Amino acid sequence: MNDFPETASQTAGPYVHIGCTPNFAGINGVYPDDLGAKMITGAANGTRITLLGQVFDGTGTPLRDAMVEAWQADANGLYAGQPEADLHFTGFGRCACDPVDGTFRFETVRPAAVPWPQGGMQAPHITIWIVARGINLGLHTRAYFEDAPENDSDPVLGRIEHRNRVRTLLAQREEESTYRFNIHLQGAGETMFFDV
Amino acid sequence: MPDKTNNTPPKGGYAARLPANHPVALYPPYRTSVKRSPQAAPLSFPSTISEETGPVFGHSMLGPLDGDLLRNFGPQDQTAIGPRIIVHGRVQDQFGRPVAGALLEVWQANAGGRYRHVKEGYIAPLDPNFGGCGRVITDADGRYELRTVKPGPYPWPNGPNDWRPAHIHFSVFGAGFAQRLITQMYFEGDPLIPLCPIVRTINDAAAVARLIAPLDKPHTLPMDALAYRFDITLRGRRQTLFENRMEGL
């Protein structure tokens with residue numbers, strides 16, 4: 001079944017910025033821009049939103065050396081690369097957490113629902129991937145929107161056995177168009193991570 | 001038709017990731033993992049369009065020196081200090097299909113074991129001609145090639161006297177976000193490999209062995225650069241739509 005075993009992961013380490021966001025790391029002039037710095041590249045359709053948050057360790061301290069990536073559908077529920085997808089929206093964001101307070105931030109559009117393979121739809125969500133020193137395999141999760149009516153019928157949220165953990169996947173509306181998605185690596189409020 | 005040209009990806013879901021191929025999340029000798037490792041079981045479900053799609057990076061985004069760490073940082077007439085090497089290989093999926101168009105981003109310490117980073121505290125000097133980042137996109141056969149210097153080993157704050165073996169970090173994007181991977185490549189013959197707590201987060205000796213790039217003598221450039229070969233295997237999609245693993249919590 002597995003002809004070749006997958007290459008093992010190793011931690012991104014403390015110097016991930018050198019390779020993934022070199023301009024952020026002060027290594028200028030090698031690449032013109034850091035990959036994923038802009039998700040909106042023109043007159044993208046849909047509602048502009050900010051998704052921000054922090055990544056907390058098991059002591060409640062925000063990680064200041066993590067890198068967070070986002071991958072999402074556009075305002076019509078299409079992923080970049082699909083026919084008819086919004087050409088002014090990349091769907092991919094990458095952010096080095098703030099070196100002082102650990103905040104990550106994506107200026108993006110609110111995604112629409114996307115299909116579930118066995119029929120029906122998945123509620124609007126943004127795939128989130130977290131790497132850092134001390135994280136041996138990148139952590140995969142999703143940010144849903146707490147105010148989205150589609151959440152009630154989402155097949156992923158619906159299969160979470162421990163219902164009190166559903167809220168760990170819900171980005172909280174802070175202002176008109178700002179949502180906070182805090183990630184907890186450990187503890188009572190540990191974020192639900194995916195093996196998908 | 002030769003199999004090699006049949007690169008149309010199948011439409012089934014991604015095969016499940018096998019934990020045995022990967023490090024454990026919590027490995028106390030790697031001290032930072034203690035408070036950064038999730039403790040609850042992850043949620044499993046068959047991959048969906050959200051994981052089966054991913055960002056597409058075209059060759060047009062690359063500059064001519066992006067894959068040449070010897071020259072992509074310093075002044076035009078100078079190259080980085082240290083042993084000149086070629087790192088090359090092939091990216092394939094777990095079923096042996098080449099992964100064309102995969103973006104590989106690499107970063108590493110210089111030949112003295114020093115990173116160009118504000119958090120770096122090692123006494124070894126910076127190399128004014130070495131930034132430490134590079135990137136390349138695989139060709140139609142999944143092949144890639146980089147030029148750089150062999151990085152040095154270095155001490156790091158973990159236990160009282162821990163040293164990292166020489167390594168190059170790789171970040172890999174395949175066709176689907178489910179294939180996303182960050183790993184580290186080590187060098188054949190480095191005695192620090194089995195001593196390293198980060199390497200030892202992987203329990204399977206064969207999985208560790210696959211991270212160790214052998215010297216590739218036939219690929220060396222005479223009077224110029226040694227060559228090391230590092231092949232990468234990503235997750236793959238199954239042939240049929242519903243041939244997925246058991247759905248579980």
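A salt bridge here is a side-chain nitrogen of Lys or Arg within 4 Å of a carboxyl oxygen of Asp or Glu. The side chains of Arg142(A) and Glu51(B) meet in one, with 2.8 Å from N to O. Arg142(A) lies in strand 9 (residues 139-145) of chain A and Glu51(B) in helix 1 of chain B, so the pair joins two chains. Helices (H or I, at least four residues) and strands (E, at least two) are DSSP runs, numbered from the N terminus.

A word on the ground rules: this is a predicted model, where local features need pLDDT of at least 70, side-chain atom pairs count only at pLDDT 80 or more, and totals for chains, interfaces and linings use all residues. Residues are numbered from 1 along each chain as its sequence is written, chains are lettered from A and ligands numbered from 1 in the order in which they are written, and side-chain values use heavy atoms, leaving out hydrogens and water.

Let us start with chain B by itself. Chain B has 2 helices and 12 strands, in the order β-α-β-β-β-β-β-β-β-β-α-β-β-β along the sequence. Its C-alpha atoms fill a box of roughly 55 × 45 × 30 Å along the principal axes.

Now to the meeting of the two chains. The table uses contact (heavy atoms within 4.5 Å) and buried area (the accessible area, 1.4 Å probe, that two parts lose on being put together, summed over both).

| Item, chain B with chain A | Value |
|---|---|
| Residues in contact from chain B | 84 residues |
| Residues in contact from chain A | 71 residues |
| Buried area | about 7000 Å² |
| Salt bridges | 5 salt bridges |

Carbon and sulfur atoms give 58% of that buried area. Arg36(B), Leu43(B) and Phe177(B) supply 12% of the area that chain B buries against chain A, more than any other three residues.

Across the interface there are 40 residue pairs in polar contact, both residues at pLDDT 80 or more. Such a contact is a pair of N or O atoms within 3.5 Å; within protein, one must be able to donate a hydrogen and the other to accept it, and residues adjacent in sequence count only if both atoms are side-chain atoms. Several elements of chain B each supply at least two residues to the side that touches chain A, among them strand 1 (43-44), helix 1 (49-52) and strand 9 (181-187). Strand 9 of chain B gives the most, with 5 residues.

The chains also meet through their strands: strand 13 (residues 194-195) of chain A and strand 1 of chain B pair in the parallel sense over 2 bridges, where pairing requires that DSSP finds at least two bridges. Asp195(A) stands opposite Ser44(B) in strand 1 of chain B.
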